[in-house]
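Reader: I have the sequence and the model open. Please take me through some local features, one question at a time.

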Amino acid sequence: MEFLDLESQDGVRMPWNVLPGTKQEASNCVVPVSAIYTPIKHFANMPVLPYSPLRCRTCRSVLNPFSIVDFAAKIWICPFCFQRNHFPPHYASISDDNLPAELFPQYTTIEYETPAEKCSSSSVFMFVVDTCIIEEEMAFLKSALSQAIDLLPDNSLVGLITFGTLVHVHELGFGQIPKTYVFKGSKDVSKDQLLDQMGFFLKKPKPPTGVIAGARDGLSSESISRFLLPASECEFTLNSVLEELQKDPWPVPPDERAARCTGTALCVAASLLGACVPGSGARIMAFIGGPSTQGLGAIVSKNLSEPIRSHKDLDKDSAPLYHKAVKFYEGLAKQLVHQGHVLDLFACALDQVGVAELKVAVEKTGGLVVLAESFGHSVFKDSLRRIFQFDDYDLGLSSNGIFEINSSKDIKVQGIIGPCASLEKKGPLCSDTVIGQGNTSAWKMCGLDKATTLCIIFEIVKKDSPDASVQPSSNQFYFQFLTYYQHSSGQMRLRVTTLSRRWVAGPGSIQDLIAGFDQEAAAVAMARLVSFKMEIEAEFDPIRWLDKALIHICSQFGDYQKDSPSSFSLSPRLSIFPQFMFHLRRSQFVQVFNNSPDETAYFRIILNRENVANSVVMIQPSLISYSFHSGPEPALLDVAAIAADRILLLDSYFTVVIFHGATIAQWRKAGYHNQPEHQAFAQLLQAPRDDVDAIIKERFPVPRLVICDQHGSQARFLLAKLNPSATYNTDSPLPGGDILFTDDVSFEVFLDHLQRLAVQ
């Protein structure tokens, strides 16, 4: 699969690897010209160069293998703006057989690390902990936090804020007795009030002018170290504070929710970090066990008779607090992006806690999010442990990223759908149409890791040339992605990826476009786009939009005779695309009916930050079948895959299901797998468990594991994802298989309608 080779070299997948050359042809292609790029993907054999990159003096792009080099005159020509640049003196010895690494044809992705720019700042973690939770949850949370504190790197700085009705900022540097500063949860606290009340200016008077920013500007380092201490110094104090931590003491009337001031607590955390450690890669880790009911960012009133908003309420605009809360978190996001800090969210409750409102702050800062039913659930505990793990499966958390794009002049950028924030850097590269974070050619990525993946949407602006006989000078488009970031080692690095793609236009270009079509990347780009449109466009009908797009693609690129559905066929390059669209229409990204707004927001945050392979599993889960007759083999995602003597393993990314057929379940209950003569059965039961462990080991957030039997209640996790080829109203259901109680159309019917409409 050559698309996978390109990804393993550059971390890029593009729906169109041969690009439509003109504006009109690009709009006929329906799937946007886009790139799904993992900026700091780990490559085992990528060189890290110990010097600064050479940049073009006009467009600031970096010297790359596509630059034209004149060795005699020591000049290189930039492929983006055709500027001639002189090599500096230390490149004097270059020649055809003595090239610097950045000109090697195989190093289209390379990293620079300038030794001078070592950032001394260690990582900073501010734990913001909800105490309005029942004793049992409190115990789970405390044990998870103390484990996390043990895993923290010794030099990382740690702070603690707990909140319920009030916000408590713990002074960990005051070792003799626990000491906290308390703020009223229902009242907004400005940064200046915060610093005054927390005694930052007792010894060192407040500077009359200027912004207060850390030890360099206006604060003494002793006053900062009262609240942020190296983990090695405050581990004992922190653990003793956590042990003493009680459930929020304020009485809660039986007909009311607890008074929880999540927004105010996050605001205090952001202001404190903004004053003490601006520009460092600090992370606010919020552990939330219920909805915010007071202060800024409240999502529901205290009165239990008023339910928490549902999708229906949002559609009908009858969620009174929603827009106000989103506006508040947009402001918080802006503040955090400006400070370079990240918001991570751990939402563990049976009901909603406000992920839908918080989504903007998590996404713009590149934060991590974990949603579970309880702080005792393995989804939460294992995911939290993974963040602080330093082994083959660590997340590679990095910070302070700035992402920039250069491209050939016939291409503009509409925007990025993914975890980043626009830096409003206007320029000739910006398109007038904005999708996602747009209107800029530079983006801030406060937090990023080895898996963070952006979807960059381009616009081809080249008009059709009236005189077709004039051949264009070059039929290559060039792109360059620059990611400047602080590596987890503390070193500042610049990752440069330069790509070249051929473009085609005019009659006969359809076969070339088909040859370069990557259907998995196209499905993922469509999924991000449809999720984005569902969030921002009122009255948007996602099913209709996806269907129209699919029909258009099939009539544009399919082979058929007009008005003859039976003659319709698609090239193998496109043949799975309709199936992806069928599953996308049924997925949790489009069908919000059975999910809360919090769950939908959670699924979308993760879809918007994962790479193509993982996103495809979210859209169309993978199904593997295990039986005595054959080894593990992929099965069709269809109700026909169910058989009494099979075990099925369904991976839908967020949930992994092991499904035992009826006979297997009976044998297991009878305990055959424990008898020595039935060793083969024990091995059959164990095989899917081993495969699941491998999946869980490398995935973040850790998926939920469901082990269920045919006809059991938990089997719904599998049944909901299967193609309903046999339902309660099919004439002859399959022998041995199951039937689904649904009125959804099956894939066969869907394809039938698609062929009829495409050939019209």
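Reader: Is Val 33 buried, partly exposed or exposed?

Author: This is a predicted model, in which local features need pLDDT of at least 70, side-chain atom pairs count only at pLDDT 80 or more, and totals for chains, interfaces and linings use all residues. Residues are numbered from 1 along each chain as its sequence is written, and side-chain values use heavy atoms, with hydrogens and water left out. Buried means under 20% relative accessible area, exposed over 50%, and partly exposed in between (1.4 Å probe, protein chains only). Val 33 has 4% relative accessibility, so Val 33 counts as buried.

Reader: Which loop holds Val 33?

Author: Helices (H or I, at least four residues) and strands (E, at least two) are DSSP runs, numbered from the N terminus. Val 33 lies in the loop between helix 2 (23-28) and strand 3 (34-37).

Reader: Which residues does Val 33 touch, not counting residues up to four places away in sequence?

Author: Contact means heavy atoms within 4.5 Å. With residues up to four places away in sequence left out, Val 33 touches Trp 16, Leu 19, Pro 20, Ala 26, Ile 456, Ile 457, Phe 458 and Ile 460.

Reader: Why does Phe 82 count as exposed?

Author: Phe 82 lies in the loop between strand 6 (75-77) and strand 7 (84-86). Its phi is near 60 degrees, a positive value in a residue other than glycine. Phe 82 counts as exposed because its relative accessibility is 60%.

Reader: What class does Arg 60 fall into at 46% relative accessibility?

Author: Arg 60 sits in the loop between strand 4 (48-49) and strand 5 (68-70). Arg 60 is not a glycine, yet has a positive phi of about 65 degrees. At 46% relative accessibility, Arg 60 counts as partly exposed.

Reader: What is the bridge partner of Thr 655 in strand 28?

Author: Strand 27 (residues 655-660) and strand 28 run parallel and are joined by six bridges. In strand 28, the partner of Thr 655 is Arg 704.

Reader: What is omega for the peptide bond from Phe 700 to Pro 701?

Author: Pro 701 is found in the loop between helix 19 (679-697) and strand 28. The peptide bond from Phe 700 to Pro 701 is cis, with omega near -5 degrees.

Terms used. Pairing = 2+ DSSP bridges.
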